[in-house]
Amino acid sequence: MDKLIFTHKNNRKYIFVDWDLSSICNYNCYYCGEEAHDGKFNFPKIEHVRNFIDKIQQIYSNKEFAIYNLLGGEPTLWKDLKNFTSYVKKVNNKNIVQLLTNGSRSLKWWKENALYMDRIIVSIHVANCKIEPLIEKLNNISNLLDIEVQVAIDLNIFDKCIDFYNYAYNNLTSSICLRPKPLKKNLSVSGMMDYTNHQIDIIKKLPQIEGKFKKKFSSSMIMNNEDVDITSLITDKKNNFKDWACWIGIDTINVRRDGRVKIGSACNPDLILGNIKDCNFNIPMLPVKCRYNTCECWADLHTTKVKNY
């Protein structure tokens, strides 16, 4: 049988560390699930964080750098964020710090802290924010770091989400990347929101902004040398890689809110390797056979997969 290869367009030189820091958030979006903002899991202790960064540097010594993708609750609320970013750069000055944030901190806060980050991915949660001041704030800091904006398309307020998206498209500076973000019904369970075919068509036709990033480290995905648009892959429901060999654990590693280190970001909850509290673990460095009907996590969808491996 012929192989099908879903992989990066350019050679991947980094390990992607997807780090779910806590369940502390100043928003309470229903589609994130209660567990994403219930406050039960606090941010990690900085000494555990430093030990884990050292471990990653040791295990993935064949990689040029690591991307630390911070999410979970709202990472900008972490009091040790500056200490974290400073240590990440101290271990390897090529390392990248990227935050998934709602962008709600003040303009003053962003100006004081932006230089400690490389990129932010701002999720616009339409029910919780005002679009005009948020876009103005992002334009004001666009010279300090790379910014990608994702407008979350909430089925319950679909038309308002499209209005917010169009406002962002017409008012964001051209250096900021913009794309729509189709949503799962709940982050903790599989399955996209029940968009109608007409709504899917609207999402797919939304104009996007490529942006102009100062640091280009990520790569688009290809399937047998043909470009793949990840948003379309999701909306067209072509994100089924069941029984394919997946490079989670080789391309990516995940840290949970309780400090557990595992293979796969949104999948394989049982593939626990250890915990950052003692860092007593090794990583197999072998592909994992996918056992899911859909792959819906952005990090996992940017991971190499091979059919008939």
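**Salt bridges and helix packing**

Tutor: Asp80 counts as buried, at 11% relative accessibility. Please bear in mind that this is a predicted model.

Student: Which residue meets the side chain of Asp80 in a salt bridge?

Tutor: Lys79 does, with 3.3 Å from N to O. Lys79 is exposed, its relative accessible area being 74%.

Student: How many salt bridges does a search of the whole structure find?

Tutor: The search finds 14. One of them joins Glu296 and Lys184, whose closest N and O atoms are 3.7 Å apart.

Student: Where do Glu296 and Lys184 lie?

Tutor: Glu296 is in the loop between β14 (288–289) and α8 (298–301), while Lys184 is in the loop between β7 (177–182) and α6 (197–205), so the pair ties together parts 112 residues apart in sequence.

Student: Is Glu296 buried or exposed? And what about Lys184, buried or exposed?

Tutor: Glu296 is buried, with a relative accessible area of 15%. Lys184 is buried as well, at 14%.

Student: What does Asp227 form with Lys9?

Tutor: Asp227 and Lys9 form a salt bridge, and their closest N and O atoms are 3.2 Å apart. This pair links distant parts of the chain: Asp227 belongs to strand β9 (residues 226–228) and Lys9 to the loop between β1 (4–8) and β2 (14–20), 218 residues apart. Asp227 counts as exposed at 55% relative accessibility, whereas Lys9 is partly exposed at 45%.

Student: Changing topic to helices: at what angle do the axes of α4 and α5 cross?

Tutor: The axes of α4 (residues 131–141) and α5 (residues 158–171) cross at roughly 30 degrees and come within 10 Å. The crossing is right-handed.

Student: Which residues meet there?

Tutor: From α4, Ile131, Glu132, Ile135 and Asn139 meet Phe164, Tyr167, Ala168 and Asn171 of α5. By class, this contact has five nonpolar, two polar and one charged residues.

Student: Which residues of α4 are buried?

Tutor: They are Ile131, Leu134, Ile135, Lys137, Leu138 and Ile141. Viewed down the axis of α4, these buried residues fall within an arc of 160 degrees, so they line one face of the helix.

Student: What do the buried residues of α4 pack against?

Tutor: They pack against α3 (107–113), β5 (119–124), β6 (146–153) and α5.

Student: One last item: where is Asn92 found?

Tutor: Asn92 is in the loop between α2 (81–91) and β4 (96–101). Asn92 is buried, with a relative accessible area of 13%. Leaving aside neighbours within four places in sequence, Asn92 is in contact with Gln57, Glu64 and Phe65.

Terms used:
Residues are numbered from 1 along each chain as its sequence is written. This is a predicted model: local features need pLDDT of at least 70, side-chain atom pairs count only at pLDDT 80 or more; totals for chains, interfaces and linings use all residues. Side-chain values use heavy atoms; hydrogens and water are left out. Axes are lines fitted to C-alpha atoms, for helices over the stretch in contact, and angles run from 0 to 180 degrees between N-to-C directions. Helices (H or I, at least four residues) and strands (E, at least two) are DSSP runs, numbered from the N terminus. A crossing is left-handed if the near helix is turned anticlockwise from the far one by less than a right angle, and right-handed if clockwise. Contact means heavy atoms within 4.5 Å. Ala, Val, Leu, Ile, Met, Phe, Trp, Tyr, Cys and Pro count as nonpolar, Asp, Glu, Lys and Arg as charged, and the others, Gly among them, as polar. Buried means under 20% relative accessible area, exposed over 50%, partly exposed in between (1.4 Å probe, protein chains only). The arc is that of the directions from the helix axis to the C-beta atoms. A salt bridge is a side-chain nitrogen of Lys or Arg within 4 Å of a carboxyl oxygen of Asp or Glu.
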